Amino acid sequence: MDQVRLGATGTKVSRICLGMMSYGDPGQREWFLGEDAAEPIVRRAVEAGVTFFDTADMYSTGASEEITGRLLGRMFQNRDDYVLATKVYFPMGPGANESGLSRKHVMASIDASLRRLGTDHVDLYQIHRWDDETPIEETMEALHDIVRSGKARYIGASSMYAWQFAKAQHVAETHGWTKFVTMQNHYNLVYREEEREMIPLCLDQGVGCLPWSPLARGLLAGNRERGGGRNTVRANTDAYADQLYDEADFDVVDVVRQVAAEREVPPARVALAWLLAKPAVTAPIVGATKLGHIEDAIAAADIRLDDKEIARLEAPYRPHPVYGHS
């Protein structure tokens, strides 16, 4: 698999990033996989050349980080052979200081994540969302101190408005602090609102985009049907997807299926190939609960859509309200 620069940094990552949210405690969500079930999927990704892995402290309340650390520790001989990302923001307990982006919570969270991951550093430490209750100066200084301490190599951000991201970058630059090198945003064929402001900003500033939900939580892969049909366990239990996508989005899904049928490939490969062709995209965050999900992601990296196919895929798009910032 091709290795590309992480944004404008000198660090190289695989074109596909394996999202580790699906691996955790099956008792919390029916579609979560435990460590034993996750291992062959992660191993296949590693064999195919995936070197980039993304998790978060809140995924399965820390269990995802624990599983991620153990699996990667077994599959790679050297820590420098893979790039590891995690995130901070969402609640990790009931306490008033167990969430958000205060200095207190950020500093405590990086140490807790490193313990769970079984490593002395992460390569990319990301704020999972914007915190309206904490001055951005406080957050950016804390993140800078984490980088200076060696606990993180780079910092990244996730879904927010472009003005918020620009403000954070300006604060860091003004004070001589570490700036964000990546933006993990909500971006796929049925949700392209990021193309209005955030993606042009990232292109201009050399920030790499790491889209989450690149297959619209399985919608573009065929896990739902018009009229409410659900084809997978996750589709039947994923209430968040119902907030993000609706019946009108099937106009895009229909074209994805048409192009995929003409190419004789699964729809997921076409949807990922479209995303991988976008100049701002470094690596989509792809979740996998079956070996076939990994095979689709691997194959998508080698598909080159022509201009007519891209135009067809993009034509049915309709504007959406902003989704995914909370």
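Is glutamate 193 buried or exposed at 10% relative accessibility? Glutamate 193 counts as buried, because its 10% relative accessibility lies under the 20% cut-off. This report concerns a predicted model.

**Salt bridges**

The count of salt bridges comes to 20.

| Salt bridge | N to O distance |
|---|---|
| Arginine 196 and glutamate 193 | 2.5 Å |
| Arginine 318 and aspartate 246 | 2.5 Å |
| Lysine 278 and glutamate 314 | 2.7 Å |

Arginine 318 forms its salt bridge with aspartate 246. Arginine 318 lies in the segment after α12 (307–314) and aspartate 246 in the loop between α8 (239–244) and α9 (250–263), so this pair ties together parts that are 72 residues apart in sequence. Arginine 318, at 25% relative accessibility, counts as partly exposed, and aspartate 246, at 39%, also counts as partly exposed.

Lysine 278 meets glutamate 314 in a salt bridge. Because lysine 278 lies in the loop between α10 (267–276) and β10 (285–287) and glutamate 314 in helix α12, the pair links parts 36 residues apart in sequence. Glutamate 314 counts as partly exposed, with 22% relative accessibility. Elsewhere, shared partners join Glu35, Glu39, Arg43, Arg70 and Arg74 into one network of salt bridges.

**Cavity and pocket**

There is 1 cavity of 30 Å³ or more. The largest cavity is lined by Ile16, Leu18, Val50, Val286, Ile294, Ala297 and Ile298; these divide into 7 nonpolar, no polar and no charged residues. Helix α11 (residues 291–300) supplies the largest share of this lining, 3 residues.

The second largest pocket holds about 170 Å³ of space. Of its 13 lining residues, Ser99, Gly100, Leu101, Asp131 and Glu133 are the closest to its centre. Its lining has 5 nonpolar, 5 polar and 3 charged residues.

Key:
Residues numbered from 1 in each chain as written. Predicted model: local features only at pLDDT ≥ 70, side-chain atom pairs only at ≥ 80, totals over all residues. Heavy atoms only, no water. 1 Å grid on protein atoms, 1.4 Å probe; cavity = no way out; pocket = protein on both sides within 12 Å on 5 of 7 lines; lining within 4 Å. Points joined across faces, edges and corners; volume = space filled by probe spheres on them. Nonpolar A, V, L, I, M, F, W, Y, C, P; charged D, E, K, R; others polar. Helix = DSSP H or I, 4+ residues; strand = E, 2+ residues; numbered from the N terminus. Salt bridge = Lys/Arg side-chain N within 4 Å of Asp/Glu carboxyl O. Buried < 20%, exposed > 50% of the residue type's maximum accessible area, 1.4 Å probe, protein only.
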